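Thanks for coming. I will take a few minutes to walk through one structure, and I would ask you to keep the view open while I talk.

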Amino acid sequence: MIEEAAKLLARSRFAIAFTGAGISAESGVPTFRGFNGLWKKHRPEELATPEAFKRDPYLVWEFYKWRIDLIRKAKPNKAHRALTELEEMGILKAVITQNVDDLHREAGTRNPIELHGNIFRVRCTSCDYREDLKETGRLDEFLAQKDLPRCPRCGSLLRPDVVWFGEPLPRKAIEEAFRLAERADLVLVIGTSGVVYPAAYIPQIVKETGGKVIEINPDESGITPIADVFLRCSAGEAMEKLIERVRRLI
Ligand code: OAD
Ligand code: ZN
């Protein structure tokens with residue numbers, strides 16, 4: 001199976017990767033669904049909504065500050081690094097991610113397409129103020145602040161610059177992702193349950209336009225039925241083996 005996947009990758013002309021929370025699991029970032037995803041008995045899907053934020057912004061901000069603090073300590077793992085190497089080899093043309101954890105960029109991927117935003121950014125709920133807390137160096141200060149965060153421009157509530165359930169995706173990012181999917185002759189799908197749309201259309205588009213689908217996941221997912229090769233394995237282990245074989249093939 002790994003051998004077959006390595007051959008497909010080495011032969012491909014325009015491969016892309018599509019990643020979800022599972023690729024960061026081995027970096028210590030909990031996934032959303034399943035047992036490990038619970039936070040204080042709340043399911044993340046119930047906190048990552050505009051309704052939850054309206055009802056209880058304290059609770060939602062507490063959840064996000066907990067996640068920001070956890071993610072800032074996380075390091076990219078073998079799977080993130082293998083994708084960077086595939087990109088450097090010229091095989092991988094783009095990384096499209098549903099993750100907000102910035103670990104692809106930390107691993108050296110040049111321009112990851114972030115479909116669901118980035119947890120280190122905040123934005124105003126009223127005006128167009130945005131801030132990247134990593135860039136401005138205000139992360140510590142922000143996390144330490146007890147009150148709800150307010151916009152320095154207009155005083156309205158700030159919110160995480162991530163996509164919540166029921167909200168549209170950033171238009172440029174999804175358009176670019178669909179364009180890449182139409183062009184791709186192979187998609188490497190890593191660590192996603194493949195049930196959240198429109199992101200989950202990406203592997204389907206690749207498949208429908210005649211491309212191959214390689215999936216890496218320790219469990220079956222919504223993508224598994226269309227996978228040409230399904231590596232039932234953790235992301236780190238599978239990518240380590242895969243990259244080793246690809247190196248030998250090219
Ligand atoms: P999920 O939590 O839904 O799925 C994580 C997937 O990773 C599951 O299929 C697991 O089997 C798999 N997995 C777990 N450990 C793994 C490992 N070590 N290696 C590889 N795979 C592993 O996360 P996503 O599919 O990313 O959206 O969820 C999609 C979206 O739903 C998220 O982007 C987020 C969420 O709510 C928004 O925030 C809008
Ligand atoms: Zn504002």
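First, the ground rules. This is a predicted model, in which local features need pLDDT of at least 70 and side-chain atom pairs count only at pLDDT 80 or more, while totals for chains, interfaces and linings use all residues. Residues are numbered from 1 along each chain as its sequence is written, chains are lettered from A and ligands numbered from 1 in the order in which they are written, and side-chain values use heavy atoms, with hydrogens and water left out.

Now the domains. The protein splits into domain 1 (2-27 + 75-116 + 169-249) and domain 2 (44-73 + 118-162), with bounds that come from an automatic or database domain assignment. Their centres, taken over C-alpha atoms, are 28 Å apart. Eight residues of domain 1 touch nine residues of domain 2, where contact means heavy atoms within 4.5 Å.

How much area is buried between domain 1 and domain 2? About 640 Å², with carbon and sulfur atoms giving 43% of it. Buried area here is the accessible area (1.4 Å probe) that two parts lose on being put together, summed over both. The rule finds three salt bridges across this interface, a salt bridge being a side-chain nitrogen of Lys or Arg within 4 Å of a carboxyl oxygen of Asp or Glu. Elsewhere on my list is a salt bridge between the side chains of K134 and E106, at 2.8 Å from N to O.

Next, the open spaces. On a 1 Å grid over the protein atoms alone, a pocket is an open set of points with protein on both sides within 12 Å along at least five of seven lines; a cavity is a set where a 1.4 Å probe fits but cannot get out; lining residues have an atom within 4 Å of a point. Grid points are joined across faces, edges and corners, and a volume is the space filled by probe spheres set on the points.

The largest pocket holds about 930 Å³. It is lined by 47 residues, and A21, T31, F32, R33 and S193 are the closest to its centre. The lining has 26 nonpolar, 15 polar and six charged residues. For those classes, Ala, Val, Leu, Ile, Met, Phe, Trp, Tyr, Cys and Pro count as nonpolar, Asp, Glu, Lys and Arg as charged, and the others, Gly among them, as polar.

The second largest pocket comes to about 420 Å³. Of its 18 lining residues, E114, R121, P170, K172 and A173 lie nearest the centre. This lining divides into seven nonpolar, two polar and nine charged residues. Domain 1 and domain 2 each give at least three residues to it.

Last, the backbone. Most residues other than glycine have a negative phi, and most peptide bonds are trans. Y197 and P198 are joined by a cis peptide bond, with omega about 5°. D102 has a positive phi, near 70°. That is what I have for today.
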